[in-house]
Amino acid sequence: MKNKQIHVAVIQSAPILFDKQSAMDKIASMTREAAGQGAQLVVFPEVFLPGYPRGLSFGARVGSRTNAGRKDFQRYWESAIAVPGAETDIFGELAKELGVYLVIGVVERDQEYSTGTLYNTMVYVGPDGGLLGKHRKLVPTGSERLLWGQGDGSTLTVIDTPFGRIGGLICWENYMPLARTAMYAQGIDLYIAPTADARDTWQSTIRHIACEGRCFVISSNQYATKASYPDDLACYADMEDDEEILSRGGSAIVGPLGEYVVKPLYDQEGIMMATLDLSQVAQSRFDFDAVGHYSRPDVFQLVVNDKKQEIVRRVVER
């Protein structure tokens, strides 16, 4: 029998950009604060570790890249983490000590092949301290494609917990109807949607997903200002004409009929708390289930390739 209620905390904050220790310290302190308020699930924004480099060009134009931009990318690469690795072990220790589930957006450095590629990744950590899974963003958006590689179907992760099934997609992946369908088909109840999008239209997106998937949607964004950017970045001048507030936030929680449980928070750092009644998920699917009684498999079918894509396959002859 599933527990019907879960206490959730959504973190809206930002570390010092490219400063791994700053992010780790904030993850520890804000998780402790949330757990002290009764949180059982704590959700951090997209690439919280080591930050979303909004406004930086990395010296890239069509047909050319600058040496200064390459230096900023090196700094980003050096502040990325391995998954699993030392940092995820620390997340595990924190989650076990506090008895919470953690969902954290990180920049992941490839460990299997060249080690040169970074991924926009969401990691899931359980209250037993274990790394439960990860999701790599399938399609980085716009200029993000210079920074992060593409994930594959092997990390369309949904995790069974005593409170329901937890999973999610990152930022504009949530505009991909087939990706959403793949998540719904795994029986997702708590849909995590970390983002870097602070526009009003994002609110329309998460409310639609909640109503379409008949699930709770938990969206976490960074509140970031120029003050969180080191002034010795090689391309720091890129932000010269930007406003002081680079990301106003907009984190929110939406119920399975599309109504706000917690309305969006803007223009400040914060921890947003809510108690979610999971019985509402079953109630909401009474009249609509996108991958159940409201589907038409005789007309529409989705094929998901959930196999890990191997760049190099090593064959050992015996």
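This is a predicted model: local features need pLDDT of at least 70, side-chain atom pairs count only at pLDDT 80 or more; totals for chains, interfaces and linings use all residues.
Okay, hi everyone. The protein has six helices and 15 strands. Its C-alpha trace spans about 60 × 55 × 40 Å along the principal axes. For 318 residues, a compact globule would have a radius of gyration near 20 Å, and the protein comes in at 19 Å, which agrees. As for the inside, buried residues make up 52% of the 318 residues.

Now, the charges. How many salt bridges are there? The count comes to 16. I'll walk you through a few.

Take glutamate 46 and lysine 137: their side chains meet in a salt bridge, 3.2 Å from N to O. Find glutamate 46 in the loop between strand S2 (41-43) and strand S3 (60-61), then go to lysine 137 in the loop between strand S7 (131-136) and strand S8 (158-161).

Next up, lysine 134 and glutamate 108, whose side chains form a salt bridge at 2.6 Å, N to O. Here lysine 134 is in strand S7 and glutamate 108 is in strand S5 (residues 101-109), 26 residues apart, and again the pair links distant parts of the chain. Glutamate 108 has 2% relative accessibility, so this residue counts as buried.

One more pair: glutamate 259 and arginine 207, with the closest N and O atoms 3.5 Å apart. Glutamate 259 lies in the loop between S13 and strand S14 (260-266), while arginine 207 belongs to helix H5 (residues 200-213), so this bridge ties together parts that are 52 residues apart in sequence. Arginine 207 is partly exposed, with a relative accessible area of 31%.

Last stop, the surface. Which residues gather in a patch of negative charge there? They are Asp238, Glu240, Asp241, Asp242 and Glu243. Look at aspartate 241, in the loop between strand S12 (223-225) and strand S13 (245-254). Aspartate 241 counts as exposed because its relative accessibility is 73%.

That's my tour, thanks.

Definitions and conventions
Residues are numbered from 1 along each chain as its sequence is written. Side-chain values use heavy atoms; hydrogens and water are left out. Patches are made of residues with over 30% relative accessible area and no salt bridge: like charges are joined within 9 Å, nonpolar side chains (Val, Leu, Ile, Met, Phe, Trp, Tyr) within 5 Å. Accessible areas come from the Shrake-Rupley method with a 1.4 Å probe; for residues, only the protein chains shown count as cover. A salt bridge is a side-chain nitrogen of Lys or Arg within 4 Å of a carboxyl oxygen of Asp or Glu. Lys and Arg count as positive and Asp and Glu as negative; His and the chain ends are not counted. The place of a charge is taken as NZ of Lys, CZ of Arg, CG of Asp or CD of Glu. Helices (H or I, at least four residues) and strands (E, at least two) are DSSP runs, numbered from the N terminus. Buried means under 20% relative accessible area, exposed over 50%, partly exposed in between (1.4 Å probe, protein chains only). The radius of gyration is taken over C-alpha atoms; the globule rule is 2.2 Å times the number of residues to the power 0.38.
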